[in-house]
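Hello,

Here is the structure I said I would pass on. My notes on it follow below.

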Amino acid sequence: MADHEYPVHSPLPLQTALAGRCPRCGEGKLFAGFLALAPRCECCSLDYGFADSGDGPAIFIVMIA
């Protein structure tokens, strides 16, 4: 699927976020590890480079711990 093509049925944002899935197709994994984003979606090839979180996830986990 090219970057300009979108699925006919887009997933619901809350369900997609809670499941840790791709924001475009809702199928591919968003995370490669506990805190690391995957480089791209394994299903639709969406590049996750636009979502650089920096140290946000690590600080969030440290505050909880």
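**What was found**

Of the 65 residues in the chain, 20% count as buried. Please keep in mind that this is a predicted model. The chain holds two helices and zero strands. Its exposed surface comes to about 5,000 Å², and carbon and sulfur atoms supply 62% of that. Among contacts between residues at least 6 apart in sequence, 11% join residues at least 24 apart.

Next, the cysteines. A search of the whole structure turns up zero disulfides. For a disulfide, two cysteine sulfur atoms have to be within 2.5 Å. The closest cysteine sulfur to that of Cys41 is in Cys25, at 3.7 Å, which is too far for a bond. Cys41 itself is buried, as its relative accessible area is 2%. For Cys43, the closest cysteine sulfur is the one in Cys41, and the distance of 4.7 Å is again too far for a bond. Cys43 counts as partly exposed, with a relative accessibility of 48%.

The other residue to look at is Thr16. Its place is in helix H1, which covers residues 13-19. Thr16 counts as buried because its relative accessibility is 7%. A polar atom of the Thr16 side chain lies 2.8 Å from the backbone oxygen of Leu12. Leaving aside residues up to four places away in sequence, Thr16 touches Pro11, Arg21, Cys22, Pro23 and Gly26.

Regards

Terms used:
Residues are numbered from 1 along each chain as its sequence is written. This is a predicted model: local features need pLDDT of at least 70, side-chain atom pairs count only at pLDDT 80 or more; totals for chains, interfaces and linings use all residues. Side-chain values use heavy atoms; hydrogens and water are left out. Helices (H or I, at least four residues) and strands (E, at least two) are DSSP runs, numbered from the N terminus. Buried means under 20% relative accessible area, exposed over 50%, partly exposed in between (1.4 Å probe, protein chains only). Contact means heavy atoms within 4.5 Å. Accessible areas come from the Shrake-Rupley method with a 1.4 Å probe; for residues, only the protein chains shown count as cover. A polar contact is a pair of N or O atoms within 3.5 Å; within protein, one must be able to donate a hydrogen and the other to accept it, and residues adjacent in sequence count only if both atoms are side-chain atoms.
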